[in-house]
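I opened this entry to look up pockets and helix packing. My notes follow the structure.

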Amino acid sequence: MNETTTASWRTLLTQAHDALRDAVAGVGDEAWDSATPCEKWSVTQVLQHATGDQIAFAAAITGGAWPSEDPFSPSGRIESDPRAHLAAGLDASARAWATVDDDAEQVPVPLPQGPMPAWLAAGACALDAAVHAWDIAVATGQPSPLTPETALPLMEVATRIVEPLRAYGAYAPALEAGDDAGEVAVLLAYLGRRPI
């Protein structure tokens, strides 16, 4: 993705939202407390974090309500159905992004970098959803939701936004992917995850 294909950010965001929704739909009742690639976080905690991040993007865009719980300190307890919890966050995010012009130059985001062009802001939101979809899928024995077709534009976004966020603990240090690594493995390694 680049500035000449700004409209494609909507497709990427939809794909990332679908990947997260599908990964959560595939979690068995016994797997919510399972460990994930996110150190010290269970599947439930990753879900809380990912949902909170989507709500935060929506709030930044619309001026609406922020997450009721700190996404970076998830409790591991969801009082409602986890899938319904996620659906509400994804719906809020999708509604907010629907109000953004394809080529908007300054879109508010809940990131320390401040407003970004629409394609990059939406890419950041998509990156968050997609990588946490992978975390949940891996933790629960599901196939990877990431494809080379989504990994390439997500990597372009990642190289533009991730480094400043590492200082806040949002991403682990980058790992070596290896010379023969594919697009998905390169993205995951850059985000501090060991591809499996």
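I looked up the second largest pocket and read a volume of about 240 Å³. The model is predicted. I listed 17 lining residues for this pocket, with Thr51, Ile55, Ser68, Glu69 and His85 nearest its centre. Helices α2 and α3 are the elements that each give two or more residues to that lining. By type, I noted six nonpolar, seven polar and four charged residues in the lining of the second largest pocket.

Next I looked at how α2 and α3 pack. Helix α2 covers residues 43-62 and helix α3 covers residues 82-97. I noted an angle of about 25° and axes 8 Å apart. That angle makes α2 roughly parallel to α3, since angles under 35 degrees count as roughly parallel. Their crossing is left-handed.

I then checked who makes the contact. From α2 I noted several residues, including Leu47, Thr51, Ile55, Ala58 and Ile61. From α3 the list includes His85, Leu86, Leu90, Ser93 and Trp97. The contact residues divide into 11 nonpolar, seven polar and no charged.

Last, I turned to the largest pocket. Its volume is about 730 Å³. I counted 30 lining residues in the record of this pocket's computed lining, and His49, Phe72, Gly169, Ala170 and Tyr171 lie nearest the centre. The elements giving two or more residues to this lining are α2, α4 (118-139) and α5 (148-166). I noted 21 nonpolar, four polar and five charged residues in the lining of the largest pocket.

Key
Residues are numbered from 1 along each chain as its sequence is written. This is a predicted model: local features need pLDDT of at least 70, side-chain atom pairs count only at pLDDT 80 or more; totals for chains, interfaces and linings use all residues. Side-chain values use heavy atoms; hydrogens and water are left out. Axes are lines fitted to C-alpha atoms, for helices over the stretch in contact, and angles run from 0 to 180 degrees between N-to-C directions. Helices (H or I, at least four residues) and strands (E, at least two) are DSSP runs, numbered from the N terminus. Angles under 35 degrees count as roughly parallel, over 145 as roughly antiparallel, 65 to 115 as roughly perpendicular and the rest as oblique. A crossing is left-handed if the near helix is turned anticlockwise from the far one by less than a right angle, and right-handed if clockwise. Contact means heavy atoms within 4.5 Å. Ala, Val, Leu, Ile, Met, Phe, Trp, Tyr, Cys and Pro count as nonpolar, Asp, Glu, Lys and Arg as charged, and the others, Gly among them, as polar. On a 1 Å grid over the protein atoms alone, a cavity is a set of points where a 1.4 Å probe fits but cannot get out, and a pocket is an open set with protein on both sides within 12 Å along at least five of seven lines; lining residues have an atom within 4 Å of a point. Grid points are joined across faces, edges and corners, and a volume is the space filled by probe spheres set on the points.
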